[in-house]
Structures are given as structure tokens and as C-alpha cells.
Amino acid sequence: MTSVSPDSRRIWRAARAPLVIAVIVLIGAVIVLLTSAGEQRGSLDPESAAPGGSRALARLLEREGVRIVPARTYAEAEAALQGDATLLVTGPGRVEPGRLAALRSRATDAVLVGPDDPVLDILAPGVVVSGEVDPVAREPGCTVAGAVAAGNAVLGGFTYEAHGRARGCYDGTLLQLPGDRGTTTILGGGAPMTNDRLDEAGDAALTMRLLGRHATLVWYVPTPGDAGAGIVARSFTDLIPRPWLFGAVQLGVAAVLFALWRARRLGPVVSERLPVVVRAAETTEGRARLYRRAGAAGHAAATLRQAAIDRVRPLLGLGAGAEPAAVVAAVAARTGRPAAAVGELLYGPAPGDDAGLVRLADELDRIEREIS
């Protein structure tokens, strides 16, 4: 019995296309994650020359006599805040709000880039995120000295709504709040600080006025996984964008279903008892009716002749591979009929009608009786 179960080669041929697609999707996801992670690490970094870095701004501030102290961890930022200093936090959301408030209390002035509502609730009560806009050149529209002196600047990111004490500029993308130890400036995004936008409009003038008010600038770039910042390190699944995670789950379910479908086994052939026993005579009559309806007298004659020859060969001592001439000679010798007549009967042309077919069947039956 020949097995009909799919072998490993057939399974591989059927599964290789989906596997290739899955590998391509996975590689693409990894590339996107690594690329985005690299961009985040260099974003607003005072030592980064990438388009999203801020080395150009840092060099300008140093030329004006500002001492820049880069800080990558909470402990470094805390240790650097000694005396009269400005604190710049490029990623407030990566620091626990309570610890960020303690850090703010050690600085004279502070600039926060893109803080969200949990941070604002602690450091700027009454200020909330109202929306998000693209970075474009905007007019100051306020009385903040640095903004008025800089004029138009490219700002975007979060927009904020503030209480009465805060002064909003650039369509709500910059807020400045007075405090007991100086001012706290909130920027909706870091566009005016980046290397690729610093020379646009009044970006350089605005950022230098915000960050260069004191002799020391602590440039805090929070890094993920810093235990001192108070934020629990996120797992790999937390870093994956939700659409990618949902797509990966769907792809996994589809792969499992596909594997179950292709790996099914048909099993051995099982014989079943027929519900009705069909007699051989009925089968013969049914086949004869089909031949008659199709007008296949020639096919029926060939079947009758072959059946007769198969039955008489063993009686004549002939094997299954006996030639027609040997069969004709043996039948003629046993029956005493002329060889030409025997050859015409066993191997002659097909009858042209049903009557001829009946006569052929009778002659074949007669010759079998003579041999037996």
C-alpha cells in the first residue's frame, strides 16, 4: 500500500514561502527597532553630531563661556548641580517625577523638553498637555524676553495650557513659569536645539538665551535602565510598538494553524463493509447496458475475446505471454477447426452491430466448451 501522508520534502515545499515571508518581516522589525533605538540614544545629545543631536548648540554655548556638564545618569546630574546652574532635561518622562522635582530644586533655572502630564502634575501643577503639532516656524506671541529677542523660531511637539502665572509662547509650544528659585521653561519638543534646525529662523538665539543664563549648564540626557532615575527598566516587549506586537501575535497564530494543517496525517486505508451487496450478475448487466448506451460494440467484443483467451490458455498449456499465433495454433489443434477461422474468431475485426456481437459471444462460448 502506498502512503499518502506528506513527507518532509512536500512539507518544506509548501511551507518555505510563508517561512521566507515571516523571516523578512522579522528582520524588518528588528532593523526598525534598532534604528529607532539608535536615533533615541543620539537625540539632543550635546556630544552627538547626528541631525537629531545638539553638539552645534553645545559648542556655541561654550564659546559664550558656559560650562556644559553632560550627565547620563541621575547621580551624575545630582552631583553636577552645585551653586548657580541651569538644568536641562531632554527626556523628563524617563525620570520618576518625584526625583525630577528634587533635582529641579537644586538648580537655579530649569528647561524641560517634552514633559508629559505625570511630570507636569509634580513640577508645574495646573499645566496640562493640550495637543501635539508639527515643528514649523512660529511667532513668539508673548512677553518672555528670550522669545521676544529671538523672534520667529521653529517649535513643535506638545502644546500646553497653563494657569495664570505661566506665560505661553509660540502657540503654546513654550511655557515659562516663575518660581522661588528661578524660572522653569517647558518646551513642547527639542526641534530648535537640534543640529539640523539650529540655523533656522531664531532657533539659535532662543535656545542660547534659555540655556546660557548661568555659568554652568547641566545637560541631563536620561538613559533607559538608570536605576537612580526611579523608572523600572522596560522589557523588550514594552519597547516594541503595539501594532508590531499585535502583528507578531497574529503571525504566530497563523503559523501554528498552517503547521497543523500541513502536518496532518491521513493514516492507513480502512476497509468498510458495503451497506448493500451487489451481485456479480447485476454488475455485468449494468456494465453491458452502459456499453450498449454508448454504442461501444468494439470495446465489448475486445473484452469478450480477451476473457475467453485468458480462460483457455491454461487449458492449452500456454503461458500469459503466449503469442496470438501460438494461441490460434493450439486452439485449432484441440478443436479441429481451421486456423483461419479460429484467428478470425479470436483476433478478427470487431462486429458492426449488436447481432454480430451476440454471434461472437455464442461462438466464443462454444469454442470454450470444445476445449474443456
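## Strand pairing, salt bridges and surface of a predicted model

Threonine 86 stands opposite aspartate 109 in strand E3. The model is predicted, so local features need pLDDT of at least 70 and side-chain atom pairs count only at pLDDT 80 or more, while totals for chains, interfaces and linings use all residues. Residues are numbered from 1 along each chain as its sequence is written, and side-chain values use heavy atoms, with hydrogens and water left out.

Helices (H or I, at least four residues) and strands (E, at least two) are DSSP runs, numbered from the N terminus. Two strands are said to pair if DSSP finds at least two bridges between them. Strand E2 (residues 85-89) pairs with E3 (residues 109-113) in the parallel sense, over 4 bridges. Strand E9 (residues 216-220) also runs parallel to E2 and is joined to it by 5 bridges. Threonine 86 has leucine 217 as its bridge partner in E9. Strand E1 (residues 67-71) pairs with E9 in the parallel sense over 5 bridges, and proline 70 stands opposite tryptophan 219 of E9.

E2, helix H4 (residues 97-104) and E3 make a right-handed β-α-β unit. A crossover is called right-handed if, with the strands pointing away from the viewer, the path from the first strand over the helix to the second runs clockwise.

In what follows, buried means under 20% relative accessible area, exposed means over 50%, and partly exposed lies in between (1.4 Å probe, protein chains only). Strand E2 is largely enclosed by the rest of the structure, because 5 of its 5 residues are buried. In a regular strand the side chains alternate between the two faces of the sheet. On E2, Ala85, Leu87 and Val89 are buried on one side, and Thr86 and Leu88 are buried on the other. E9 is mostly covered as well, with 5 of its 5 residues buried. Its faces carry Thr216, Val218 and Tyr220 on one side and Leu217 and Trp219 on the other, and all are buried.

**Salt bridges**

Side chains of opposite charge can pair when their charged atoms come close. A salt bridge is counted here when a side-chain nitrogen of Lys or Arg lies within 4 Å of a carboxyl oxygen of Asp or Glu. The structure holds 12 salt bridges, including those tabulated here.

| Salt bridge | Closest N to O distance |
|---|---|
| Arginine 213 and aspartate 109 | 3.7 Å |

Aspartate 109, which stands opposite threonine 86, forms a salt bridge with arginine 213. That pair links distant parts of the chain, since arginine 213 is in the loop between helix H7 (203-211) and E9 and aspartate 109 is in strand E3, 104 residues apart. Aspartate 109 is buried, with a relative accessible area of 5%, whereas arginine 213 is partly exposed at 47%.

Glutamate 200 is partly exposed, with a relative accessible area of 30%, and arginine 197 is partly exposed at 26%.

Arginine 366 and glutamate 363 are 3 residues apart in helix H14 (residues 354-371), so about one helical turn separates them. Salt bridges that share partners join Arg337, Glu363, Arg366 and Glu370 into one network. Arginine 366 is partly exposed, at 32% relative accessible area, and glutamate 363 is partly exposed at 29%.

**Aromatic pair**

Rings of Phe, Tyr and Trp (its six-membered ring) pair if their centres lie within 6.5 Å; planes under 30 degrees apart count as stacked, over 60 as edge-to-face and the rest as tilted. The structure holds 1 aromatic pair. The ring centres of phenylalanine 158 and tyrosine 160 are 6.4 Å apart and their planes lie at 75°, so the pair is edge-to-face. Phenylalanine 158 counts as partly exposed at 25% relative accessibility, whereas tyrosine 160 is buried at 5%.

Valine 136 lies in strand E4 (residues 128-138) and is partly exposed, with a relative accessible area of 38%. Its C-alpha atom is separated by 7.8 Å from that of alanine 153, 17 residues apart along the chain.

Val249, Val253, Val256, Leu257 and Leu260 make a nonpolar surface patch of about 480 Å². Patches are made of residues with over 30% relative accessible area and no salt bridge; like charges are joined within 9 Å, and nonpolar side chains (Val, Leu, Ile, Met, Phe, Trp, Tyr) within 5 Å. Accessible areas come from the Shrake-Rupley method with a 1.4 Å probe, and for residues only the protein chains shown count as cover. Leucine 260 is placed in helix H9 (residues 242-262) and is exposed, with a relative accessible area of 58%.
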